[in-house]
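Have a glance at the structure before reading on.

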Amino acid sequence: RVCSRMANKKLSAGFFSWLNKVNELKSREILKRHLRISSTNTIKLYFLKMIHVRELAAFKLWKSTVEEKMEKTRTLTSYFCRASNKLLSLGWESWVRAVKQINSDLRREQQKNTVMRRILLRMVKVESAAAFNWWGWVVRQLRREEDEMRRKLNLLTVVFNRLVSADLHRGINSW
């Protein structure tokens, strides 16, 4: 609308300047003719002036009608622009409020998610720490059992070696 209105204004301004130039050229031409026309052609000159005056009167009437219509159009356009701008402004403000509400809801949801994630991580850490402690206890128990088995094996080896030595000693003595 704005572009078409600007184009219409430029067109009408161009048209008015063209008409002024045409009227100026016509009046110059008429004046030149008047100076060239002899006194016998005064009737012809009179009719030409009358035609020019009628054209000028018709043009002025047309111009005033167009200016009135343009003024009415400008008034209505400005009213509708203000009304639509108000509606646009109301729509914009409601949109901004909705976006702020959505952002605050998202922030609250993110805070809830952060708290839940921390709780879950703490639970996982507690469970993993408990599992690690249990594993450590099992490993210590297995090491103790292994140490006990080594000690028993060493004792058995000592006993076996004594038996073997005693048996060899008896065998040597009896030989």
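## Ground rules

This is a predicted model, where local features need pLDDT of at least 70, side-chain atom pairs count only at pLDDT 80 or more, and totals for chains, interfaces and linings use all residues. Residues are numbered from 1 along each chain as its sequence is written, and side-chain values use heavy atoms, with hydrogens and water left out.

## Overall make-up

The protein has two helices and zero strands (DSSP runs, H or I of at least four residues for helices and E of at least two for strands, numbered from the N terminus). Of its 175 residues, buried ones make up 5% (buried is under 20% relative accessible area, exposed over 50%, partly exposed in between, with a 1.4 Å probe and protein chains only).

## Two surface patches

Patches take residues with over 30% relative accessible area and no salt bridge, joining like charges within 9 Å and nonpolar side chains (Val, Leu, Ile, Met, Phe, Trp, Tyr) within 5 Å. A salt bridge here is a side-chain nitrogen of Lys or Arg within 4 Å of a carboxyl oxygen of Asp or Glu.

Arg117, Arg118, Arg122 and Lys125 form a positive patch (Lys and Arg count as positive, Asp and Glu as negative; His and chain ends are not counted), with each charge placed at NZ of Lys, CZ of Arg, CG of Asp or CD of Glu. Arg118 sits in helix H2, residues 42-174, and counts as exposed because its relative accessibility is 55%.

## Lys63

Lys63 also belongs to helix H2, and its 32% relative accessibility is why it counts as partly exposed. Between Lys63 and Ser12 there are 51 residues of sequence separation, yet C-alpha to C-alpha they are 9.9 Å apart.

Note on methods:
Areas by Shrake-Rupley, 256 points an atom, 1.4 Å probe, with all protein chains shown as cover.
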